[in-house]
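Here are a few notes to read alongside the model. Have a look at it first, then work through the points.

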Protein chains: 2
Amino acid sequence: MRKIEVVQNILDANNATAESNRVTLDSHKCAAINVMAAPGAGKTSFILRTLDLLRPGIRVGVIEGDVASTVDAEKVQNAADAIVQINTRYMPESCALVADMVDEALKKLPLAELDLIIIENVGNLICPSEFNLGEDRKIVIASTPEGDDKPLKYPMIFSDADAIIINKIDLVPYVDFDIAKFKSSVRDLNATVPFFEVSSKTGTGMAEWIQWLRQQLPGK
Amino acid sequence: MRKIEVVQNILDANNATAESNRVTLDSHKCAAINVMAAPGAGKTSFILRTLDLLRPGIRVGVIEGDVASTVDAEKVQNAADAIVQINTRYMPESCALVADMVDEALKKLPLAELDLIIIENVGNLICPSEFNLGEDRKIVIASTPEGDDKPLKYPMIFSDADAIIINKIDLVPYVDFDIAKFKSSVRDLNATVPFFEVSSKTGTGMAEWIQWLRQQLPGK
């Protein structure tokens, strides 16, 4: 019982900080999305395509979460209006971003000059679903080589998603991925979430995603 | 500090149970491997190929770890000599198997009649590296569509690996995966670990892996 109590205290404290992050973002009319996926699903490539299609009209800051390295931040730094890298390796939670880390990152970003924050979470389909960050929308990316059974095995992250990206759609001819089966499994968990079938590599399907994302932005 | 103390207590307790699991396995001359990978890297398909090549000469029990569902256990049940499914969703640790869960599973397996236990860990490149289970060897599977930068971003799991499987080698023509770069990044973390380039789909490269695995088995 001791450990469960500690975990509950951590989650309560996290929710309070997430709410405070939300207030900070709202006060700057800045939206935020939390992009979550398994390692190698293509989060960074998807964010790069998104930045290319939003900017310069929409000003975007990126928070990069990784256990270690600055590989992703280096890829994104010239494509975003501002960027902060978070490495979680030596933090009490290493398997996901938590609201405290985002609070620290927001302090380093010029929020008054930004319209949107894209948070790239740590590559993981489990832990990130436990920690609200203060984001407006939770985005989950599933990639076709992972297989169509992921919603059955990692239900929490799919249940809470506000949009689901099916990435690497260009690989469908070479892998076993039944799109209808995948969507049906998600529907059992989440009745209304929209799907966007994209290839970050070729750009296929990105226009529909960008149209949806623009509708979520409050505008300054 | 409170939280870090609790985490240390949990890891110490886990190591004690892992040691006890090891004694149990040794007393039955039963080896165990812990198979770790990101979601969708192909752990289950790789285990199915392995079972097909080892049995009936080697008798194998499988412990399937998943957050939710019995999808993998259903795929494996007719291919193994015995199987136990563990669902971690409502456990204090949901993002990895821990030694206690394996202890429970070992009690359900006919160890005297088995030569090898294959533990399929929860799909995750972070949490499983923190918990010893009492296994003889740690096996990490990386799949080519995930990209070659995973050792930089998830160094702990690659540092501790006793063998690294590069799976979905058949997809190399369609994805950006530089095998030499991947191996070089691993070498910076782990000077001696052997690599096996395989396709669980086509069977390519499985013979070398099986030869290595057989050399790790004590025999009854």
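1. What should the 12 residues of helix 2 (residues 43–54) of chain A span at 1.5 Å a residue? The answer is 16 Å, and the end C-alpha atoms are 16 Å apart, which agrees. The expected span is 1.5 Å times one less than the number of residues. Helices (H or I, at least four residues) and strands (E, at least two) are DSSP runs, numbered from the N terminus.

2. Some ground rules: this is a predicted model, where local features need pLDDT of at least 70, side-chain atom pairs count only at pLDDT 80 or more, and totals for chains, interfaces and linings use all residues. Residues are numbered from 1 along each chain as its sequence is written, while chains are lettered from A and ligands numbered from 1 in the order written.

3. Helix 2 of chain A has buried residues (20 or more other C-beta atoms within 10 Å of their own, with C-beta atoms placed from the backbone). They are A:K43, A:T44, A:F46, A:I47, A:R49 and A:T50. Across the 220 residues of chain A, 49% count as buried.

4. Overall, chain A has eight helices and seven strands. Its C-alpha trace spans about 50 × 45 × 35 Å along the principal axes.

5. Now the pairing: 34 residues of chain A are in contact (C-beta atoms, placed from the backbone, within 7 Å) with 34 residues of chain B. Helix 1 (2–27) and helix 5 (150–153) of chain A each supply at least two residues of the side touching chain B. Helix 1 of chain A gives the largest share, five residues.

Methods. Buried ≥ 20, exposed ≤ 12 C-beta atoms within 10 Å, placed from the backbone. Contact = placed C-beta atoms within 7 Å.
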